[in-house]
2 protein chains.
Amino acid sequence: MIEHYQAVVSFIMELEKLKNVERRIKPLGLSRYENSAEHSWQVALMAISLAPYAEQKVDILKVVTMLLVHDIVEIDTGDKFAYDAAHDDYENELQSAQRLFAILPAQQEQKFLALWVEFEQSTSPEALYAKSIDRMMPVLQNLNNGGQSWLEHNVSVAQILKKNSVIRQSHPKLWDWISEQVIAVGNKVGLARE
Amino acid sequence: MIEHYQAVVSFIMELEKLKNVERRIKPLGLSRYENSAEHSWQVALMAISLAPYAEQKVDILKVVTMLLVHDIVEIDTGDKFAYDAAHDDYENELQSAQRLFAILPAQQEQKFLALWVEFEQSTSPEALYAKSIDRMMPVLQNLNNGGQSWLEHNVSVAQILKKNSVIRQSHPKLWDWISEQVIAVGNKVGLARE
C-alpha cells in the first residue's frame, strides 16, 4: 500500500511543474499569462457546469479526468498555440505522457494513458466533449478581453471559426451562439476576416 | 437553452478571478506563491489518483466536483491560512458561495451550493475524502520544499499534526506515512515541536 501512496505522491509532486507552463492567453484583468494548471481547473469545472445541456449523454467523470490530465505533457513539451502551424506535436507529447504516467502504479498508468490517447484522438463522445471545452475556453476568454491572444498572434476570424468547429460536434447550439460573437468581436477589435 | 449557456459562461468567466487569489505555499521550484485555481486542479487530480486506495468507497465525481468548487469563495474573501486563529470564516464564505452559484441556472446553483456546504461541514464520506486531500496537498508541498510555508509562519510540528489529523479519517495509512515525514522534516528544518 505504502509504495502506491509513494507513487501517487511522486506523480502529484512532478505535476507541480505544470504551474510554470505558460499559455498565450491572459486571465481577465491580469497582466500575466495564464498557466496550464489553472486552465485545466477551469475546463474541468466548465465540463461539469455544462453537463445538463449536453446533446449526448456522456460519462462526466471520464470527461473531467481527461481534462485534468490533458495538458500535463506540456511539462516536457511546453504549450503549443492552437493556431501555430507546428501545433501538432503528438509524438513528443505521447513520450511525455508515457514518462509521466509511468510514475503512477501500473493500474493507473494504463488507465490515464488510455484516457490521454483517447482525448488526443477524439475517438469517443467523452473525448469530443472534453476537446470542445478545451477549445472553447480561450475563445470565451478572448471574447471577454478584447481578443487579446488573437490580436497578439494575428489570428483571423476565419481561422478561429475553422479551428474551433470541433465544438459543434458536441455543443452545436452553444457553438452557433459563440461563433456569432466571434464575428462581432472580430469586427470590433479589427481582426482580419480571412 | 441559450440563457443557460449564457449563465454558465458568466459563471466560468467570473471564476477567472480565482487565478489571482494567492495562497501561502510556493509551487516547487518557483519563487511566486501558488494561486487557488491551480491548487484546485491539483487536489482534484490527486483525489482521482488516490481513489483505488480509498478505505471506503466514495463517489469520486462528487469528491472532484467539491474540490473544483471548494475554494471559489476566496474570490470574495481571500485565502485563509489553515493555521491562523481567524481561519474560520464560514459566514462570509457562505455569502460568497451564494453570490457565485446564483450566476448559474437554478438547478445547478442548488446542486453546487449543497456540495459546497457539505464539503465545509464534512458531513459525508465524500466531504471527508475531499477535505483530507485539500489538507494533504500543502503538507506534501512543504515536505518537498523544505517546509517553506511552515517556516514563514512559524508553524510547529504539533500544530501540523493536529490540524491535519482529519486526513486520518479517510486515509489512515497514508496519514501515518505522512505524519512520520512531518516529524522528520520538522526536525531537519528546525520547526518548533509544540
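1. The area buried between chain B and chain A is about 5000 Å², and carbon and sulfur atoms give 74% of that figure. Buried area here is the accessible area (1.4 Å probe) that two parts lose on being put together, summed over both. In chain B, Tyr5(B), Trp41(B) and Tyr53(B) lose the most area to chain A, together 17% of what that side buries.

2. This is a predicted model, in which local features need pLDDT of at least 70, side-chain atom pairs count only at pLDDT 80 or more, and totals for chains, interfaces and linings use all residues. Residues are numbered from 1 along each chain as its sequence is written, chains are lettered from A and ligands numbered from 1 in the order in which they are written, and side-chain values use heavy atoms, with hydrogens and water left out.

3. Contact, defined as heavy atoms within 4.5 Å, links 53 residues of chain B with 53 residues of chain A. Of the interface residues of chain B, 100% are also interface residues in chain A, so the copies meet through the same surface.

4. Chain B is superposed on chain A by a rotation of 180° with 0.0 Å of shift along its axis (RMSD 0.0 Å). The two copies are thus related as by a two-fold rotation axis. The superposition is by least squares on the C-alpha atoms of residues with pLDDT of at least 70 in both copies.

5. Across the interface of chain B and chain A there are 2 salt bridges, a salt bridge being a side-chain nitrogen of Lys or Arg within 4 Å of a carboxyl oxygen of Asp or Glu. A salt bridge joins the side chains of Glu34(A) and Lys19(B) (2.4 Å, N to O). Among the elements that give two or more residues to the side of chain B that touches chain A are helix H1 (2-14), helix H2 (36-50) and helix H11 (172-189) of chain B. H2(B) gives the most to that side, with 11 residues.

6. Val9(A) lies in helix H1 (residues 2-14) of chain A; helices are DSSP runs (H or I, at least four residues) and strands likewise (E, at least two), numbered from the N terminus. Val9(A) is buried, with a relative accessible area of 9%, where buried means under 20%, exposed over 50% and partly exposed in between (1.4 Å probe, protein chains only). Leaving aside residues up to four places away in sequence, Val9(A) touches Met46(B), Leu140(B) and Trp177(B).
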